[in-house]
Amino acid sequence: MDDSHRRFLQALMRIGIIDEPSVKQLYLLYCTTYNTNATSTFDDYIATINSNLEPMFIQIRKGMCEDSGRQYYALVSMVETDITRMASDYADPELEVFRKIMDLVVESETGSVYSTEILNLTSTVTKKSKKRETEQLLNRFVSDNWLIEKRGEYCLSTRFIIEMAQYIRIMYQDQVKDCHICRNIVFQSQICDNPSCGIKMHLPCVARFFRGTTEPHCPACKDIWPHEIPEIEEHLSESSK
């Protein structure tokens with residue numbers, strides 16, 4: 001691993017999570033600055049860094065924003081598999097609230113939960129809090145990129161899903177599925193109505209898979225796909241920026 005790899009890693013550590021176009025700009029910048037041979041693929045470049053991080057149980061991982069389809073990269077600890085890694089920023093009662101929010105998201109059909117449902121959590125946690133305090137905590141979760149808020153609904157952020165994938169699979173192994181297309185954990189999705197099938201696909205993955213298809217069929221059971229196909233522009237345009 002040379003100086004370009006080290007500077008790239010430092011930048012990723014500082015930023016925390018970064019989208020694919022931006023991360024590739026960093027790659028080209030540091031390859032040029034340090035005269036590193038940029039003819040090798042970007043994937044090989046990341047693999048070189050990961051091989052050096054392996055003894056420290058750290059890895060650069062790639063994941064997808066469930067809403068936009070944009071790809072992101074984040075630095076992930078392979079040892080810490082619980083949300084206690086957030087303990088340096090949050091007190092135990094606040095982490096308890098976050099776990100409750102996770103439960104609601106996993107149990108929901110849409111992969112999101114309304115703010116009113118979260119505010120009702122104050123009566124179920126060990127340390128009771130006022131509505132205003134819970135609202136302030138929600139704002140912190142959003143500003144720290146653990147949650148995403150959209151029109152009064154909250155969902156798990158791309159950062160959280162990438163960093164906590166192992167924890168999610170352990171805690172919710174019977175409830176959480178992978179997207180049939182990209183094989184990443186999926187919360188916001190469309191589901192095949194066939195009870196013997198029931199595969200899930202991210203909305204951006206649905207848009208990509210059925211692009212140009214006049215009669216979409218489930219890629220697993222071949223039944224007619226029962227849902228309206230999302231607009232390609234809506235979910236894919238951001239990922240091309």
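A residue is called buried here when its relative accessible area is under 20%, and exposed when that value is over 50%. Please keep in mind throughout that this is a predicted model.

Begin by selecting F98 and F141, whose ring centres lie 4.9 Å apart with planes at 75°, so the pair is edge-to-face. F141 has a relative accessibility of 0% and therefore counts as buried, and F98 is likewise buried, with a relative accessible area of 0%. The pair joins helix α4, which holds F98, to helix α6, which holds F141, across 43 residues of sequence.

Next, widen the view to the largest nonpolar core, which has 31 residues and in which M86, F98, I101 and F160 have the most contacts. Helix α4 (92-107) is among the elements that supply at least two residues of this core, and its share of seven residues is the largest. If you then select I101, you will find that it touches V113, I118, L121, L138, F141 and L147, leaving aside residues up to four places away in sequence.

A second, separate core of 18 residues comes next, including F8, I46, I49 and L53. F8 also belongs to an aromatic cluster with Y27, F42, Y45 and Y73.

Now turn to W146, where R159 lies over the face of the ring at 3.8 Å from its centre.

Methods. Residues numbered from 1 in each chain as written. Predicted model: local features only at pLDDT ≥ 70, side-chain atom pairs only at ≥ 80, totals over all residues. Heavy atoms only, no water. Core = buried A, V, L, I, M, F, W, Y, C linked by side-chain atoms within 4.5 Å. Buried < 20%, exposed > 50% of the residue type's maximum accessible area, 1.4 Å probe, protein only. Helix = DSSP H or I, 4+ residues; strand = E, 2+ residues; numbered from the N terminus. Contact = heavy atoms within 4.5 Å. Phe/Tyr/Trp six-rings, centres within 6.5 Å; stacked < 30°, edge-to-face > 60°. Lys NZ or Arg CZ within 6 Å of the ring centre and 35° of its normal.
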